[in-house]
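Here are my notes on the model you sent over. They are in the order I'd walk through them at the screen.

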Amino acid sequence: MMARPSLLRHVIYVLRSNKVTALASAGTLLLVAVALLAAWIAPYDPIASDVSHALQPPNAAHWAGTDQLGRDILSRILLAARLDLAIAVSAVGISFAVGAVIGGFCGYRGGRLDRWVGRIVDVLMAFPLFVLAMALVAALGNRVENIIIATAVINLPFYIRFARAEVNVRRNAGWVEAARACGDGPISVVLRFLLPNVLPAMAVQISLNLGWAILNAAGLSFIGLGVTAPTPEWGIMVAEGARFISTGKWWLVACPGLALMLTVLCFNLLGDGLRDILDPRMRT
Amino acid sequence: MTAPLLQVEDLHVSFSTRQGVVQALRGVSFSLGAGQTLGIVGESGSGKSVTSLAVMRLLDRAGRITQGRVLFRGQDVTRLGRSDLRELRGAAMSMIFQNPRAALNPIRTVEQQIVDVLRAHRSMSVRQARAEALDLLRAVLIHDPESRLAAYPAELSGGMCQRVMIAMAMACKPALLIADEPTTGLDVTTQKAVMDLLAGLTAERGMAMILITHDLGLAARYCADIAVMQNGEIVERGPVAALFQSPRHDYTRMLVAASPRRDSTLADLAPGLPRPQAGARNDGVRVPGAGPLLELTHVRKSFPGPVHAVDDVSFVLPQGGALGLVGESGSGKTTLSRLICRLADVDGGEIIFQGQSISDMPARDFHRAPQRKLIQIVFQDPHDSLNPRFSAFDCIAHPLRRLEGMRDGAALEARVREAAGRAGLPEGLLERFPHQLSGGQKARVGIARAIAPRPKLLVLDEPTAALDVQVQAVILQLLDRLRREDDIGLLFVSHDLNVVRMLCDDLVVLKQGRIVEAGASAAVFANPQADYTRALLDAIPHFEPACHAERESVAL
């Protein structure tokens, strides 16, 4: 099979022809590496407080300064990357997997199932999403798993709609009928034919959504729902730092805020490139 | 003699693609006088459309004119600035595109669009432009022009959309009209009406026309001169009669041979191919006593709306026989083929396959039926019918994995290679994805996939409609051989009576879901009973030299 080298060549081609994608990919890779290696590359213990060095501005020993308890902000940002990425990836993964399957079947089958799911999705979307996430976390309990579940649930309607619409336009395509003539039932038509073909278009959505999910998780922590205090997390760090911003201690907010912004930007820019990589038609 | 209207000199066009620079035109030269008609024919990818786009300077960003000149009334089009070009396009030369519906703006009415064109090039009031728009619609012989003015493109049929396009192209009385495959995708009868109109209008107004088409018969019928293109070059140019009676270039000769005439047989179309074993089976003679393979009795199907898509259709296809299902779009032939393949449910009547009724099982459960494997279908659009994410190998292997439960391995590979070989698909192409294959190659993948599970009935839904003539010729012969060697029954759905005649013993003519005529192909072809059949037959463009001479003498 020649698939492997040609895939690699294809990825290289996409990255070379699109500098923004290349940059975003590099940023994302860096982010993932940091998240995985945070425990080893962090210069200090992110939780150990050292009050004698509290509230130091960025300097040679503490590149991003220290917070009110003297904890090294850079170490905390690095460790928080792991948690925030994990939350975002698993939340988006769940909503993508569940949403694509539900939306795929609705789009292919149509009829009563489609109408009912459509109405439920409409109801879900009628809530202010962040408030819904707050309610879910408040009801389920202040834990990381529940942040993931809440983020996944509020994302779900978009994936269902997207998959439904994309499958719907393809369900009468010749290759779908051909698959049926080859003995495929509805389950394998949806899972093995329709959804893989919808994937490139959904990649853009997924990538944009990752950034959004990180913001959402950080937002929940910011208002005190979700990850609790000593754990390093970007949202909490910004929330805690906000108390000091009026006294000119900008780095407490700016550094985690910058990390958050760059991460979201990377994911947003990655989308188009990801679609080009996943679509076999671009591989000529 | 005065200078010609359009003179193309040594035109080179190249496209920059991922693989590097591709030469699309390599030195095309031709000239066209005022009021002359030129047909440009050639297979897809030969550079016909690129030529017309280059003349209009409408090439997309990847394409570049690297060398040569295009002189229009002595003015070099390749050197014109944007504003000069805008004045030229639409006013002095205009173009009609392949897909009329896509070329019209869907959210503006017909009147608004024609008025836009008129007012862009000629200084006239809105009222004048409206009056002129109505005159134009009358000129293109659209039915009920007054009420069509307010219509949106979506409310018009394909033929009517093309008439509107023609009206827009004619609006500013251009000296040159380029028609790029103007009737592809239209029914034969509509094609004839549209082409007759186009030819009449251009002759009446003294316009020069370039007709770009893959259909040699069409070019012969409506053009005085024909240029044959291959690989970005014009290989031969001459008056129609001379070109067809004594083609000089090999490629022209092949093209002429591959275009079906009124009396040609399958063997005539592609003389280079090995002929089927003469002794295996006699042409046109049925093996009696084998019993019917497929029998339809009073089959009905309707969709929401007043008309029946399929209304009381009954016919019999014998074992190993070939039956043609002929009709225009909307005649229900595609619906019928989907019913027979059990991709849709009948509303009434019965479909009997090998003596067993198969119409009772709902279509959504039919994938489990034992007959699934025996009834296979080849779809109309070879591109659309292949999963973009499957390689050719996977496409062909899919029914084997599904219907015969074969696992990856030597046995599966052997079956795939066998099917590909029978369909004439080179083994080297099996690893490619559909978008990396040409139309003819994709059609072969579709056929290979359908014959891989060794079916007894093959339903072919216009399998050659999207293909070049020489590819069509090869595919038709291939189908005929499969039928003879494997005893596969063929149900051939087509709008082209001439093609059906060559492949099928019997044919059924459908109109609005009803059978208007049925019988042996040769008899129906020679002596059609129904008016509709006669209209269909009459609409097929031929290039019989005799007919052509006759037409010219009438014109004189």
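1. Let's start with a cluster in chain B: Arg422(B), Arg481(B), Glu485(B) and Asp486(B) are joined in a network of salt bridges. Keep in mind that this is a predicted model. Over all chains, the salt-bridge count comes to 38.

2. Next, a pair inside chain A. Arg71(A) makes a salt bridge with Glu240(A), with the closest N and O atoms 3.6 Å apart. Arg71(A) sits in the loop between α2 (19-41) and α3 (73-109), while Glu240(A) belongs to helix α9 (residues 234-241), so the bridge ties together parts that are 169 residues apart in sequence. Arg71(A) is buried at 4% relative accessible area, and Glu240(A) is buried too, at 17%.

3. Back in chain B, Asp196(B) and Lys192(B) form a salt bridge at 3.3 Å, N to O. This one is within helix α8 (residues 188-205), the two residues being four apart, about one turn of the helix. Both ends are partly exposed: Asp196(B) has a relative accessible area of 36% and Lys192(B) has 21%.

4. Arg237(B) comes from strand β10 (residues 233-239) and Asp225(B) from strand β9 (residues 225-230), twelve residues apart. Arg237(B) is partly exposed, at 27%, as is Asp225(B), at 21%.

5. Now the interface. How much area is buried between chain B and chain A? About 2,800 Å², with carbon and sulfur atoms giving 54% of it. Arg18(B), Arg389(B) and Arg402(B) supply 26% of what chain B buries against chain A, more than any other three residues. The contact takes 28 residues from chain B and 29 from chain A.

6. Ten residue pairs are in polar contact across the interface. On the chain B side, β16 (375-378) and α14 (392-403) are the elements that give two or more residues, and α14(B) gives the most, with four. That side divides into ten nonpolar, eight polar and ten charged residues.

7. Last, a hairpin. Strands β19 (residues 506-511) and β20 (residues 514-520) of chain B run antiparallel and are joined by six bridges. Lys511(B) stands opposite Arg514(B). Two residues lie between the strands, and Gln512(B) takes a positive phi near 50 degrees.

Definitions and conventions. Residues are numbered from 1 along each chain as its sequence is written. Chains are lettered from A and ligands numbered from 1 in the order in which they are written. This is a predicted model: local features need pLDDT of at least 70, side-chain atom pairs count only at pLDDT 80 or more; totals for chains, interfaces and linings use all residues. Side-chain values use heavy atoms; hydrogens and water are left out. Two strands pair if DSSP finds at least two bridges between them. Contact means heavy atoms within 4.5 Å. Buried area is the accessible area (1.4 Å probe) that two parts lose on being put together, summed over both. A polar contact is a pair of N or O atoms within 3.5 Å; within protein, one must be able to donate a hydrogen and the other to accept it, and residues adjacent in sequence count only if both atoms are side-chain atoms. Ala, Val, Leu, Ile, Met, Phe, Trp, Tyr, Cys and Pro count as nonpolar, Asp, Glu, Lys and Arg as charged, and the others, Gly among them, as polar. A salt bridge is a side-chain nitrogen of Lys or Arg within 4 Å of a carboxyl oxygen of Asp or Glu. Buried means under 20% relative accessible area, exposed over 50%, partly exposed in between (1.4 Å probe, protein chains only).
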